[in-house]
Amino acid sequence: MGQTASGGLVVALQKTMESQGGVWIGTKLDESISDHFLKEYDGGKFDRHALHLQPSEYNDYYLGYANSVLWPLFHGRTDLLDVAHGQLAAYASVNQKLAEATRHLITDDDTIWIHDYHFIPLASELRKLGVQNPIGFFLHTPFPTTSDVHALTHKRNLLDWLSAYDLVGLQTQRDVSAMIEVCRTVFGGQMLSDGRIRCQGRDIWPASFPIGIEAENFRRTAEAQKPLAPQIASGQRLLIGVDRLDYSKGLPHKFRGFQRYLEDRASSDSPLTLLQIASPTREDVEAYQEVRRELEQITGQVNGRFAELGYIPIQYIHRSVPRDYLAGLYRRADIALVTPLIDGMNLVAKEYIAAQDPADPGVLILSEAAGAAEQLKVGALMVNPFDPGSVSEAIQSAASMSREERIERHQSQWNEIARHDVHWWTGTFLNSLKRNAAQRIEHDSILRLA
Ligand code: ADP
């Protein structure tokens with residue numbers, strides 16, 4: 001993990017670990033170490049361990065099965081699936097090695113929380129090693145639809161893997177519905193009255209826990225930032241976008257929507273500048289190189305066509321920026337353009353709300369396909385990210401919105417993200433997990449007695 005984390009999972013969990021303590025275990029590419037023991041790292045306020053991956057494991061497990069099969073599949077991009085022989089075996093084997101390496105660290109009263117699509121089989125591997133502790137899973141991405149799951153060669157694995165957990169946390173109700181549908185149609189499952197899905201004699205226990213941010217803390221950070229910045233002329237009205245450069249974020253679509261706004265706007269309006277900060281991500285995967293090329297091309301076209309002396313329409317910055325600086329940028333921006341084509345949650349939308357001055361807030365433009373839409377749709381201007389006309393109209397409405405309306409919209413969004421912050425998320429997930437696990441253990445002991 002670098003100094004500036006730019007992925008929702010890492011940002012959210014780092015805060016939780018700093019406040020609650022515990023042991024964080026992950027994987028790391030390191031060809032100099034060939035054993036499969038965990039190595040301890042200086043984790044600051046909490047303990048960190050990593051299982052070292054060999055280059056072939058990194059290729060087949062991380063870049064391969066996790067990021068060229070599961071990630072596109074879970075984001076509805078089956079057209080990008082890049083299935084190569086041996087990747088599933090590498091994925092299963094890394095999870096098995098991680099379970100074996102972790103086993104000795106687990107004590108009887110530990111609660112185990114496994115995150116994201118890289119580690120779906122981990123609980124089933126730990127159970128094989130006799131671990132009876134509560135084990136929960138949280139999927140940060142969307143859950144795939146039935147038609148997407150059909151593209152998986154070994155679908156049955158999903159049932160084996162997911163049913164080893166006491167709780168499967170999903171971001172939204174949309175994902176819970178997708179999981180129920182997949183279990184029903186692919187595995188012949190049935191809903192039980194307590195929310196479990198029984199499939200072929202096994203139970204999967206899904207529920208939605210929309211991930212939050214440290215809202216109050218982020219608000220204070222934004223407030224404390226000095227007025228920014230020589231790079232942005234005072235008086236220049238600003239739209240901000242902050243995303244990893246991932247195809248699911250729809251950056252080329254966003255830029256085309258902004259281009260449409262430039263074409264549509266009345267010539268008397270002073271034009272907005274779009275500041276897009278796009279952090280590099282998974283650059284070894286071909287699909288990511290393509291989206292980067294496309295974005296650079298569109299930026300050149302739009303700037304070439306619409307730039308004037310003293311006005312550059314798109315400022316595109318391909319790097320991470322420090323979080324406190326980012327907070328100040330959000331606060332400075334009149335509008336946030338959060339337009340993923342599909343997204344598990346999207347923490348940027350929540351960070352933008354938290355960073356606003358409540359007396360003069362900016363406007364959030366939000367994709368209908370972001371998980372955050374379930375919580376923020378009342379206050380945001382909702383758009384279809386595939387439709388440049390929809391994006392253009394929303395930019396024009398946001399740019400001309402009265403302060404009164406902005407305050408009203410912001411207030412309802414702030415109430416939502418302050419109540420359902422990252423501490424709420426951790427607390428409710430872990431409480432449900434412990435409840436479910438206690439029920440399983442009690443049920444198993446009754447069966448043993450019977
Ligand atoms: P994802 O988890 O898919 O990357 P999210 O929007 O949920 O998407 O989370 C992204 C996180 O990474 C946010 O906390 C955001 O502030 C941070 N981030 C994204 N891009 C950058 C960047 N260029 N510089 C710094 N932080 C970034």
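Domain bounds here come from an automatic or database domain assignment. The model is predicted: local features need pLDDT of at least 70, side-chain atom pairs count only at pLDDT 80 or more, and totals for chains, interfaces and linings use all residues. Residues are numbered from 1 along each chain as its sequence is written, and side-chain values use heavy atoms, with hydrogens and water left out.

**View 1. Domain 1 and domain 2.** The assignment gives domain 1 (8-212 + 423-449) and domain 2 (215-412). Their centres, taken over C-alpha atoms, are separated by 32 Å. In contact (heavy atoms within 4.5 Å) are 25 residues of domain 1 and 21 residues of domain 2. The buried area between the domains is about 1700 Å², and carbon and sulfur atoms give 61% of that area. Buried area is the accessible area (1.4 Å probe) that two parts lose on being put together, summed over both. On the domain 1 side, Trp71, His75 and Arg174 lose the most area to domain 2, together 28% of what that side buries.

**View 2. Polar contacts and the domain 1 face.** Nine residue pairs, both at pLDDT 80 or more, are in polar contact between domain 1 and domain 2. A polar contact is a pair of N or O atoms within 3.5 Å; within protein, one must be able to donate a hydrogen and the other to accept it, and residues adjacent in sequence count only if both atoms are side-chain atoms. Helices (H or I, at least four residues) and strands (E, at least two) are DSSP runs, numbered from the N terminus. The elements giving two or more residues to the domain 1 side that touches domain 2 are α1 (8-20), α2 (55-74) and α7 (173-187). The largest share, eight residues, comes from α2.

**View 3. Arg202 and Asp160.** A salt bridge is a side-chain nitrogen of Lys or Arg within 4 Å of a carboxyl oxygen of Asp or Glu. The side chains of Arg202 and Asp160 form one (3.2 Å, N to O). Arg202 lies in strand β9 (residues 202-204) and Asp160 in helix α6 (residues 156-162), so the pair ties together parts 42 residues apart in sequence. Arg202 is partly exposed at 31% relative accessibility, and Asp160 is partly exposed at 24%. Buried means under 20% relative accessible area, exposed over 50%, partly exposed in between (1.4 Å probe, protein chains only).

**View 4. Asp360 and Arg406.** These side chains meet in a salt bridge (2.7 Å, N to O). Asp360 sits in the loop between α12 (347-355) and β15 (363-367), and Arg406 in helix α15 (residues 403-419), 46 residues apart. Arg406 is buried at 16% relative accessibility.
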